[in-house]
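Hello,

Here is the structure I promised to pass on to you. Please have a look at it first; my notes on what turned up follow below.

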Amino acid sequence: MLKSNYIGQLLSQIQSDERLGIAPTKNPQRIIVDYPSPNVAKEMHVGHLRSAIIGECLSRILEFIGHDVLRISHIGDWGTPFGMLIAYLKEAYPEALTASKNLNLGELSTFYRQAKKRFDEDESFQNASRQAVVELQTGDEETIKAWKIVCELSSRSYRQIYDLMGLSSIVERGESFYNPFLAETLQELDRLGLLETSEGAMCVFLEGFTNRDGDSLPLIVKKSDGGYNYATTDLAAIRYRVREDKAQRVIYPVGSEQNNHFTQIFQVGRRAGWITDEHDFVHAEFGLILGEDGKKLKTRSGEAIRLKDLLDEAIARVRTDLATRFAAEERTESQEFIDNSAQVIGISAVKYADLSQNRTSDYRFSYDKMLDLKGNTAPYLLYAYVRVQGISRKGSIDFQQLGNANVVLAETTELALAKHILQLAEILQDVERDLLPNRICLYLFELSQKFNQFYDQCPILQADEPQRTSRLILADLTARTIKLGLSLLGINVLERM
RNA sequence: GGGCGAGUAGCUCAGUGGAUUAGAGCAUUUGGCUACGAACCAAAAGGUCAGGGGUUCAAAUCCCUUCUCGCUCACCA
């Protein structure tokens with residue numbers, strides 16, 4: 001009894017707090033979170049889904065905790081593929097390079113595929129492509145202009161997807177950004193005695209990585225043809241993020257198949273003295289998205305699924321579900337309401353299905369499961385929230401006007417719910433440390449379950465005072481906790497559904 | 001062959017400072033709307049935690065080993 005009084009007091013205290021009693025950190029850091037890095041001229045696909053969802057989620061959590069978060073997309077906007085594309089456009093579709101409005105990204109990616117084909121087949125075209133790269137690097141005006149048009153076009157298309165997914169604004173800092181720093185990055189490695197030449201390529205030999213014969217393995221930072229590669233840009237980025245951005249923590253939500261790559265560049269960054277004990281560079285690796293067959297998700301023809309298609313499919317399925325549900329309940333809702341609900345629920349379901357799984361393991365992508373109204377899914381949580389709002393509508397209650405009334409906890413379901421509400425702060429601490437958002441999902445799912453049990457057992461609007469107000473506060477706090485928790489996952493709520 | 005990761009209920013998964021009879025959800029069976037939205041709740045059933053060793057008063061968890069699966073191993077990103 002004493003204990004339940006104390007818990008009731010704690011709830012009364014957080015009731016007037018927008019942050020629900022969660023104090024910001026006393027040690028704010030500057031943190032960089034990597035966002036998906038699509039290649040310019042190619043459409044975003046399923047391979048970008050997890051890093052978008054996880055990156056956004058981690059960013060929001062860290063920001064809420066009080067850190068200064070910089071979201072950066074390391075887009076592929078430089079190098080041979082670019083030369084290829086520009087060479088091809090100059091030859092086959094020159095007008096595209098003067099008027100950007102004529103092209104959309106779909107067409108551009110078609111051109112890209114054609115360019116790739118020609119590149120593989122035609123030697124003279126290879127030379128033209130390399131020439132275009134050279135022109136790009138030397139700043140040839142016409143080539144740069146073409147490059148900008150292509151980048152802008154791609155960028156616009158990405159923003160549409162980001163908007164649909166509800167991602168925050170992102171700084172696009174592509175590979176081209178680091179171009180001016182590549183040479184000096186290598187010079188620095190050279191000065192430190194880390195650079196060696198092997199088979200014509202410049203490399204840093206790695207500690208702890210060997211090939212079949214037991215020889216130590218190199219990280220190639222300048223190819224034998226003189227070109228730079230992925231590792232070079234990433235090293236330049238590490239250096240820049242430490243020195244210029246003053247980042248204390250850098251998080252890369254990238255698939256676990258790139259585990260070696262990150263271990264390697266972090267090692268080199270450390271040996272170069274860029275990464276010190278004051279810096280925390282983390283590869284927040286994640287597993288594959290598998291199809292129903294348990295194999296890596298892709299289209300029937302074996303290609304990567306376009307992100308837009310995947311999201312649209314989720315939304316379309318919700319729309320159908322809603323239509324049949326409303327028909328069955330003889331509810332009439334506006335088209336606008338249905339469209340909006342379908343979009344929020346569809347996107348939420350995709351995100352939640354991803355985040356509710358342990359980040360490091362593979363997971364099976366199933367529309368049926370993620371859109372299920374029961375179980376640990378977005379719709380279940382959204383429904384719990386909607387139930388509370390339903391109370392407000394039914395009883396004409398303005399939760400903000402409840403004041404700081406006492407919360408009295410007599411029933412076991414009330415006490416269980418109350419205790420659970422107070423645990424969010426602790427969960428967030430764990431997630432800040434381990435970067436595993438599924439713990440928030442589990443927390444919110446259990447919160448919703450406990451709310452539903454409470455709702456089932458305890459009348460609210462028909463209760464006598466002071467229980468009535470107390471229960472209203474409990475319901476309101478539940479809803480606000482769900483709303484806050486979901487917003488940290490990058491998910492919006494609905495007032496009705 | 002080397003490195004990394006995984007193997008927990010029929011299915012999808014939690015469980016990552018070792019501690020009472022291993023937890024959810026889905027599916028299955030059963031019960032609950034003349035109560036605030038039943039898109040809910042309650043109950044039942046279901047597991048030699050891949051196999052084998054070891055450390056410990058105590059192991060799904062730590063160590064060793066075997067098997068199975070996935071990812072990856074110098075000029076792609």
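**Between the two domains**

Across the interface of domain 1 and domain 2, the rule finds zero salt bridges, a salt bridge being a side-chain nitrogen of Lys or Arg within 4 Å of a carboxyl oxygen of Asp or Glu. One residue pair, with both members at pLDDT 80 or more, is in polar contact there. For that term, a pair of N or O atoms must lie within 3.5 Å; within protein, one must be able to donate a hydrogen and the other to accept it, and residues adjacent in sequence count only if both atoms are side-chain atoms.

Before I go on, the background: this is a predicted model, in which local features need pLDDT of at least 70 and side-chain atom pairs count only at pLDDT 80 or more, while totals for chains, interfaces and linings use all residues. Residues are numbered from 1 along each chain as its sequence is written, chains are lettered from A and ligands numbered from 1 in the order in which they are written, and side-chain values use heavy atoms, leaving out hydrogens and water.

In chain A, domain 1 covers 2-26 + 292-489 and domain 2 covers 80-171, with bounds from an automatic or database domain assignment. Their centres, taken over C-alpha atoms, are 43 Å apart. Eight residues of domain 1 are in contact with four residues of domain 2 (contact means heavy atoms within 4.5 Å).

Together the two domains bury about 530 Å², 77% of it on carbon and sulfur atoms; this is the accessible area (1.4 Å probe) that two parts lose on being put together, summed over both. On the domain 1 side, K308, L311 and K351 lose the most area to domain 2, together 56% of what that side buries.

**Two buried residues**

G76 sits in the loop between strand 2 (68-73) and helix 3 (80-92); helices (H or I, at least four residues) and strands (E, at least two) are DSSP runs numbered from the N terminus. G76 has a relative accessible area of 7% and is therefore buried (under 20%; exposed is over 50%, partly exposed in between, with a 1.4 Å probe and protein chains only). Beyond residues up to four places away in sequence, G76 touches S37, P38, N39, V40, F82 and E175.

E135, in helix 5 (residues 123-138), also counts as buried because its relative accessibility is 19%. Apart from neighbours within four places in sequence, E135 contacts K90, D140 and T143.

Best wishes
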